[in-house]
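Welcome! Please keep the 3D view open as you go.

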Amino acid sequence: AGAQSPENVFHVKVGQSISGIERFSIADPSEGEGHVLTCKASLTVPGSSSETQQTFTLDPRWEPVRYKLETDSGGLKQVIEAWVDKANFKVKASGGSGKGTEKTIPAHPRTILVDNLVACHFQALLNRIALHRPDEEPNRDTVWWMLVPQALTGVVARIMLEGESEGTLNGKPIHLKRFRLLAAGVGEEILAEATSLALERVAVFSQGLELTRE
């Protein structure tokens, strides 16, 4: 029998234009088989709303295997998928206002998947960091390859441990580790509980974006 984490609830905000709720959980179908992350989000945008559902399969070391995102925005449906194909990743988009598009993106030894406006992908990244693999510990010399399926591309990324902070969660003090992810010229601050690396907040200050644990 597998195990499943409790539901995680995050508030999504981008400036004054986008807001919503994301709920996700992580299941381990059987020991040593890997992990399955499921996520649902409801977002409100000017004049419309968007519902998304995704399934993200990762191997035992939290490396991406397969990803599927289904979104319905004002009746306009789209499906985005990414999967391992030998030494590459395939990324495919179908539905929406355009024709189906598929691209091949080379795989790298340190590949991560972080899509737009998705909190749960950052938790998968933190869980991978928590394994304390020596050649993957965050430092200024470690380069990662980041898949962004919604953009049908991959970009070079760096993840750095910048320090520690104090905060509160449900009115109780919490000790945090502060990471910075740099990719495509954008800096993202990631706050995680110091011991478990449970995600607490992601912020992209240049875009007014915040993903914050309830």
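Predicted model: local features only at pLDDT ≥ 70, side-chain atom pairs only at ≥ 80, totals over all residues.

**The nonpolar core**
- The largest nonpolar core is made of 50 residues. Leu37, Leu125, Met146, Ile190 and Leu199 have the most contacts inside this core.
- Helix α1, which spans residues 120–129, contributes the most to this core, with 6 residues.

**Helix α1**
- Because 10 of its 10 residues are buried, α1 is largely enclosed by the rest of the structure.
- Among these buried residues are Cys120, Phe122, Leu125 and Ile129, and also His121, Asn127 and Arg128.

**Two loop residues, Asp115 and Asn116**
- Asp115 sits in the loop between β10 (111–113) and α1, and Asn116 lies in the loop between β10 and α1 too.
- Asp115 is buried but has no salt bridge. Lys103, the nearest side chain of opposite charge, is 13 Å away.
- What does the side chain of Asp115 make a polar contact with? Its partner is the side chain of Tyr67, at 2.9 Å.
- The Asp115 side chain also reaches the backbone nitrogen of Gln150, at 3.0 Å.
- Asn116 counts as partly exposed because its relative accessibility is 40%. Beyond its neighbours within four places in sequence, Asn116 is in contact with Val148 and Gln150.

**Charged pairs**
- Side chains of opposite charge can pair when their charged atoms come close.
- The whole structure holds 8 salt bridges.
- One of them joins Glu81 and Arg66, at 3.7 Å from N to O. This pair links distant parts of the chain, with Glu81 in strand β7 (residues 76–85) and Arg66 in strand β6 (residues 64–73), 15 residues apart.
- Glu189 and Arg201 form a salt bridge at 2.7 Å from N to O. Glu189 belongs to strand β14 (residues 186–193) and Arg201 to strand β15 (residues 199–204).
- Glu189 is buried, with a relative accessible area of 11%, while Arg201 is partly exposed, at 23%.

Methods:
Residues numbered from 1 in each chain as written. Heavy atoms only, no water. Core = buried A, V, L, I, M, F, W, Y, C linked by side-chain atoms within 4.5 Å. Buried < 20%, exposed > 50% of the residue type's maximum accessible area, 1.4 Å probe, protein only. Helix = DSSP H or I, 4+ residues; strand = E, 2+ residues; numbered from the N terminus. Lys, Arg positive; Asp, Glu negative; His and termini not counted. Salt bridge = Lys/Arg side-chain N within 4 Å of Asp/Glu carboxyl O. Polar contact = N/O pair within 3.5 Å; in protein donor to acceptor, adjacent residues only side chain to side chain. Contact = heavy atoms within 4.5 Å.
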